[in-house]
Amino acid sequence: MTAAFIQVDDVHKSFDGRPVLNGMSFTVEEGAIVGLLGPNGCGKTTMIRLLNGVIEQNSGSMSVAGMNPLADGDDIRRISGIVTEGAGLYHDMSAVDNLKFFSKLYQVKDKSRVRELLELFDLTEHANKPAGTFSTGMKKRLALAKALLHKPKLLFLDEPTNGLDPEGIRLVMKSLLELNERDGTTIFLCSHVLHQIETVCSTYIFMDKGRTIVTGTRSMIENRYMKSVELVVETGMLPAGDRYAGYPVRKEGLNRLRFSLPGKDAIPALLRQILADNWVHSAEIVNRDLESLYFEVRKEHA
Ligand SMILES: Nc1ncnc2c1ncn2[C@@H]1O[C@H](COP(=O)(O)OP(=O)(O)OP(=O)(O)O)[C@@H](O)[C@H]1O
């Protein structure tokens, strides 16, 4: 078995005697895009800061790419990029000068990298303006460019789409997927905007009150927590009562029926039975989005 890229075992962290993390444990495989999810104040940013070696845990152990964040923080930062709320940009310096400055700091040899990233994040025409005059979204894109200068193997993103407009969100999400597919970059991100991150994440860590409550791939978590599949079928069929083919059904508007099924496996036979008598134009599972899953998991661990 290959060792996990990130390994966190029973980590506890308090601030001024107030516990914030109370036993975080999870692993992240190399090349994964992982979403750390949980309500405000549950300790997500604290977890990212611990993994970067910026702060020290009270107990428990962590390893990032085989290194200990406390002892090898500088080495971890050499192979990782981070984007947090504070962005860490020099506001008096232009976008291009910020990137040139950090290129030197990260010892980036590739002279075309700054231009390439300005282009990628749609900042070329603003390259010579001071970063302090940028909108929130532009600062966020510049912070992402900065984090990617040295082609990190690992990227930590705290609310990466905060302040971005719809074009910016699409651009950033597309760039993250490309980065992951092309370079195998491992991405560890936290966000509250679940419908955005579900388009990129392969794995999730759900946390609450400073603890991991569940980790795994989307389908692993779905299989464990989703008790029913809610299927909305667009059809001309009208059921005689409140059950059809043995499953509860109710009308959801013109030509729309909502079935409660025990699992996805029930779908083909159900659709075959309806199609034998009538037309079907569409069938959609309506309770399998990440938000439904998030609430289901939280309900079970309340
Ligand atoms: N340096 C610090 N000193 C004291 N308390 C802190 C410090 N850093 C974080 N905290 C507290 O730890 C708790 C967790 O904060 P953290 O920022 O990790 O949560 P979060 O899950 O990222 O929240 P959000 O979703 O709102 O971003 C909060 O109550 C916060 O006030």
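**Helices in contact**

Modeller: Happy to! Helix 8 passes helix 10 in a left-handed crossing (left-handed means that the near helix is turned anticlockwise from the far one by less than a right angle, right-handed that it is turned clockwise). Before going on, note that this is a predicted model, in which local features need pLDDT of at least 70 and side-chain atom pairs count only at pLDDT 80 or more, while totals for chains, interfaces and linings use all residues. Residues are numbered from 1 along each chain as its sequence is written. The helices are DSSP runs of H or I with at least four residues, strands are runs of E with at least two, and both are numbered from the N terminus.

Axes here are lines fitted to C-alpha atoms, for helices over the stretch in contact, and angles run from 0 to 180 degrees between N-to-C directions. From helix 8, Ile221, Glu222 and Tyr225 meet Leu293, Glu296, Val297 and Glu300 of helix 10; contact means C-beta atoms, placed from the backbone, within 7 Å. This contact has four nonpolar, no polar and three charged residues. In that scheme, Ala, Val, Leu, Ile, Met, Phe, Trp, Tyr, Cys and Pro are nonpolar, Asp, Glu, Lys and Arg are charged, and the others, Gly among them, are polar.

Now to helix 3, residues 95–105, whose axis comes within 9 Å of that of helix 5, residues 136–148, crossing at roughly 25 degrees. That angle makes helix 3 roughly parallel to helix 5. Their crossing is right-handed. Here Ala95, Asn98, Leu99 and Phe102 of helix 3 meet Leu142, Ala145 and Lys146 of helix 5. By class, that is five nonpolar, one polar and one charged residues.

Helix 3 also packs with helix 4, residues 113–120: their axes come within 10 Å and cross at roughly 135 degrees. That makes helix 3 oblique to helix 4. Helix 3 passes helix 4 in a right-handed crossing too. Ala95, Val96, Leu99, Lys100 and Ser103 in helix 3 meet Arg113, Val114, Leu117 and Leu118 in helix 4. The residues of this contact divide into six nonpolar, one polar and two charged.

Key:
Angles under 35 degrees count as roughly parallel, over 145 as roughly antiparallel, 65 to 115 as roughly perpendicular and the rest as oblique. Two residues are in contact if their C-beta atoms, placed from the backbone, lie within 7 Å.
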